[in-house]
2 protein chains.
Amino acid sequence: MTRISEIAKICNVSKTTVSRVLNNHPYVSKEKREQILKVIEELDYAPSSLARNFRTNKTQTIAISVPRFDHPFFAQLVKGVSLAALDNDYKVLIFQTFYDSKNEWDVMEKLKNREVDGVILGALENEWNVIKNYLKYGPILLCNEYHDSASIPIIGYDEFEATYKAVNHLIKKGHRKIGFCYDTAYSQAQIQRKEGFYKALADTNLLHNEDWIFGHGFNIEDGFRICDEILRLKEKPTALFTGNDQVAAGIIKKATMLGYKIPEHLAIVGYDNQSICQVTTPTITTIDIPIMELGQRTVIELIKYLSSDMELRRDVIKLPTKLKIREST
Amino acid sequence: MTRISEIAKICNVSKTTVSRVLNNHPYVSKEKREQILKVIEELDYAPSSLARNFRTNKTQTIAISVPRFDHPFFAQLVKGVSLAALDNDYKVLIFQTFYDSKNEWDVMEKLKNREVDGVILGALENEWNVIKNYLKYGPILLCNEYHDSASIPIIGYDEFEATYKAVNHLIKKGHRKIGFCYDTAYSQAQIQRKEGFYKALADTNLLHNEDWIFGHGFNIEDGFRICDEILRLKEKPTALFTGNDQVAAGIIKKATMLGYKIPEHLAIVGYDNQSICQVTTPTITTIDIPIMELGQRTVIELIKYLSSDMELRRDVIKLPTKLKIREST
DNA sequence: ATAACTTCTGAAATCGATAACATGTCAACC
DNA sequence: GGTTGACATGTTATCGATTTCAGAAGTTAT
C-alpha cells in the first residue's frame with residue numbers, strides 16, 4: 001500500500017510538503033504541488049484515514065441509536081441523519097437498542113473509546129444520570145425523545161400539542177368516549193402525549209376511562225391485538241388515538257374484517273403520517289411529522305458542537321407538526 | 001484523557017504488560033493483572049480505538065450500501081446486517097446510493113481509504129469493471145443483487161424461480177393476460193425476474209404483451225400511477241406481477257377506489273412479504289423473502305474473509321423463498 | 001541598507017497503542 | 001548439573017499521517 005513517504009521520495013520533497021498538498025495548505029509552489037498531485041494520481045495513492053484519524057484524534061463519524069431500524073419512522077429518521085451527515089463529510093454508524101438499556105450503554109462506550117465523535121440518541125433507554133457521565137467524552141444529542149432535566153440539545157416536536165390537536169379533532173367530531181394507545185410507559189415523550197390527551201379531555205370536561213388506555217402499541221400485530229381488546233370491552237370507546245400509524249392500520253383492518261365500520265363505529269387517529277395511511281380502507285387521519293428534517297436538523301446541531309469548542313447545553317428545538325385529516329375520523 | 005502509559009506508571013509496569021492485560025494475553029501474573037484492572041477501573045480508562053485501529057490496520061467496521069433506507073425491504077436488510085455485525089464485534093457504516101453510481105463510488109473510496117474493512121453492496125450501480133478495481137483494498141460482497149461475471153460472493157435468492165412461482169400461480173388461477181412491473185431496467189436481478197416471468201408464460205404458451213410491462217415501480221405512488229396506466233389500456237391484463245408490495249398496495253388501493261374488484265377484475269401479486277400486505281383490502285399475495293437472514297448471512301460470509309486470508313471468490317448463495325397466498329389473487 | 005514580512009521547505013516530534021525481540025526466573029527432565 | 005521450556009516482564013521499534021519549529025529565500029517598507 002502506498003504511503004505518503006513514497007510520494008515524498010519520488011517527488012524529492014519532504015512528507016510535510018506532500019501533506020500540505022493533501023490538505024490544501026498554502027505555501028507550496030505551483031510546480032511542486034502539480035508534480036505531487038500527478039504522482040499521487042499515478043500511484044493511485046490515498047492517505048490512510050486510520051493514520052489521519054489517529055493523529056487528529058477525530059473519527060469524522062457520528063453514531064445514531066434508534067430502537068430499531070425496520071420501523072418506518074426510524075428508517076426515515078436515519079435516512080435524514082445519513083443525508084445530512086454525508087453532506088458534511090461525516091460518516092454514520094448505526095445502532096439499535098431494541099428497547100434495551102444495555103445496547104444504549106454500548107453506544108456510549110463507543111464515544112468513550114473514541115470510535116465516534118458524537119452521538120445522536122433516537123431513543124432513551126437509560127436514566128439521565130447514566131448518560132450524563134459520558135458527556136465528557138463528546139456531544140450527545142437527543143432526537144425524537146424528551147427529558148426534563150437533560151442538559152443537552154433536544155430536537156423533536158411538540159408531542160403534547162400534537163396529541164392535543166389530534167384528540168381535539170376527535171372531540172370536535174362529536175366523540176365523548178376516546179381511547180389512547182402508547183408504546184412504552186416510561187418514555188417522557190409518551191408521557192407528554194398522555195398529558196396532551198388528558199388536557200384535551202379536561203378542556204371539554206370529558207372523563208377518561210382507564211379501560212381505554214392500551215399499552216405496547218408498536219406495530220400492525222399490536223393493532224390487531226388492541227382491536228380485540230377493545231371489542232371485548234362492555235363499554236367501548238367510539239374513537240381512538242393510536243400514537244402510531246401501524247397500530248392504526250392494524251386496528252382498522254381487524255375491525256373492518258369483523259364487520260365494524262370505521263369511522264362510524266370507531267374513529268381512528270394515527271401518528272407519523274407514514275405511507276401506509278394511504279392504502280388502508282379507510283385511509284388514516286394522522287399527525288404529520290417532519291421526520292427527515294428531524295434527523296437532518298439534529299445532525300446540523302451536532303456538527304455545530306463538533307466543529308467548535310462550544311459547551312454543550314440544553315436547547316429544546318421543536319419542529320412543527322400538522323394534523324392530516326383523512327377518512328378514518 | 002487517560003493513556004496506557006499512565007496506567008503503566010501507576011502500576012509500575014511497562015505499557016506492554018498493560019496492553020497484555022487489555023488484550024487478554026497469557027503470561028501476566030495474577031497479582032499484576034488484578035492490580036492493573038483495578039487501576040483501569042478507578043481511572044475509568046478506555047483504550048483509544050483510534051490508536052488501536054491505526055496500529056493494527058483494522059477498523060472493525062463494515063460498510064453497507066443500499067439504494068435507500070426508508071424502503072422497508074432495505075430497512076430490514078440493514079437490520080439484519082447490523083445484528084450480525086454487532087454480534088461479531090463489527091460496527092456498521094451506512095450509505096445510500098439513491099440509484100446514483102457516484103454515491104456507490106464514494107463507498108468504494110472508503111474501502112480504499114481504510115475507513116472500513118469490507119463492503120456489502122445491497123445495490124449495484126456501477127459497472128463490474130469499476131467495482132473490480134477496489135477488490136485489492138478489501139472484500140466486497142454482493143447482497144440482493146446479481147452479476148453474471150462478478151468474482152465475489154453473491155448472497156441472494158432465486159429471483160427467476162420466485163417470479164416463475166408467482167406468475168405460475170396466476171396462470172393456475174386461470175389468468176391468460178398477465179402484466180409485469182419492474183423498478184430499474186438494468187439491474188441483473190430485475191432481468192432474472194423478467195426471465196422467470198417470460199419462462200412461466202412460455203411454458204403455458206402464453207404471449208406477452210409489451211403494453212403490460214411497467215417500469216419505475218418502487219413505492220405506493222408508483223402503484224397509483226401504474227394503476228392509472230393499466231386502466232387507460234384498451235386491452236387490460238387480468239393479473240399483474242408487481243415485484244414489490246408497495247406497488248401492489250398502491251394498485252389495489254387505487255383500483256378499489258375506482259370501483260374495480262381485486263382479484264376479480266385484476267389479480268395482484270406483490271413481492272417481499274412486508275407487513276403492509278396484511279392491512280390492505282384485499283390482503284396481498286406475495287413472495288416471502290428471508291430479508292433479515294439475507295443481511296445476516298452476508299455479514300457472516302464477509303467476516304469469514306475478513307478473519308482469514310482466504311482469497312475472495314465467486315460464490316452464489318441463494319436463500320429459499322416462499323409463495324404466500326392471500327386474498328389479492 | 002536594514003528591518004520586517006511573506007512565501008516556501010524540511011527535520012523532528014508526536015498521536016497511543018501493539019508487535020518483535022530480548023531477557024530473566026523457575027521447575028522439570030535426562 | 002546442565003538443558004529445555006513455560007512463564008513473566010521490559011525495551012524498543014513501529015503503524016502513517018500531521019504539527020511544530022526552525023530556517024532559507026525573496027519582497028516590501030522605512
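In which sense do strand S6 and strand S8 of chain B pair, and over how many bridges? Strand S6 (residues 178-181) and strand S8 (residues 239-241) of chain B pair in the parallel sense over three bridges. Strands here are DSSP runs (E) of at least two residues and helices are DSSP runs (H or I) of at least four residues, both numbered from the N terminus; two strands count as paired if DSSP finds at least two bridges between them. The model is predicted: local features need pLDDT of at least 70, side-chain atom pairs count only at pLDDT 80 or more, and totals for chains, interfaces and linings use all residues. Residues are numbered from 1 along each chain as its sequence is written, while chains are lettered from A and ligands numbered from 1 in the order in which they are written.

The pairing of S6 and S8 belongs to an open sheet of four strands in chain B, with the order S7-S6-S8-S9 and parallel pairing. Strand S7 (213-214) and strand S9 (267-269) of chain B each have a single partner strand, so one side of each is left without a neighbour in the sheet. Within S8(B), B:Leu240 is the bridge partner of B:Gly179.

The DNA comes next. H4(A) gives the most, with five residues.

DNA strand C is surrounded by 27 residues, the closest being A:Ser14, B:Arg3, B:Ile4, B:Ser19 and B:Ala51. H2 and H4 of both chain A and chain B give two or more residues to the surface near DNA strand C, and its largest share, five residues, comes from H4(B).

The two chains also meet each other. In total, 39 residues of chain A are in contact with 39 residues of chain B, contact requiring C-beta atoms, placed from the backbone, within 7 Å. On the side of chain A that touches chain B, H4, helix H5 (72-87), strand S2 (91-96) and helix H11 (245-257) of chain A each supply at least two residues. The largest share of that side, six residues, comes from H5(A).

Technical notes: A residue is near a molecule or strand if its C-beta atom, placed from the backbone, lies within 6 Å of it. Two residues are in contact if their C-beta atoms, placed from the backbone, lie within 7 Å.
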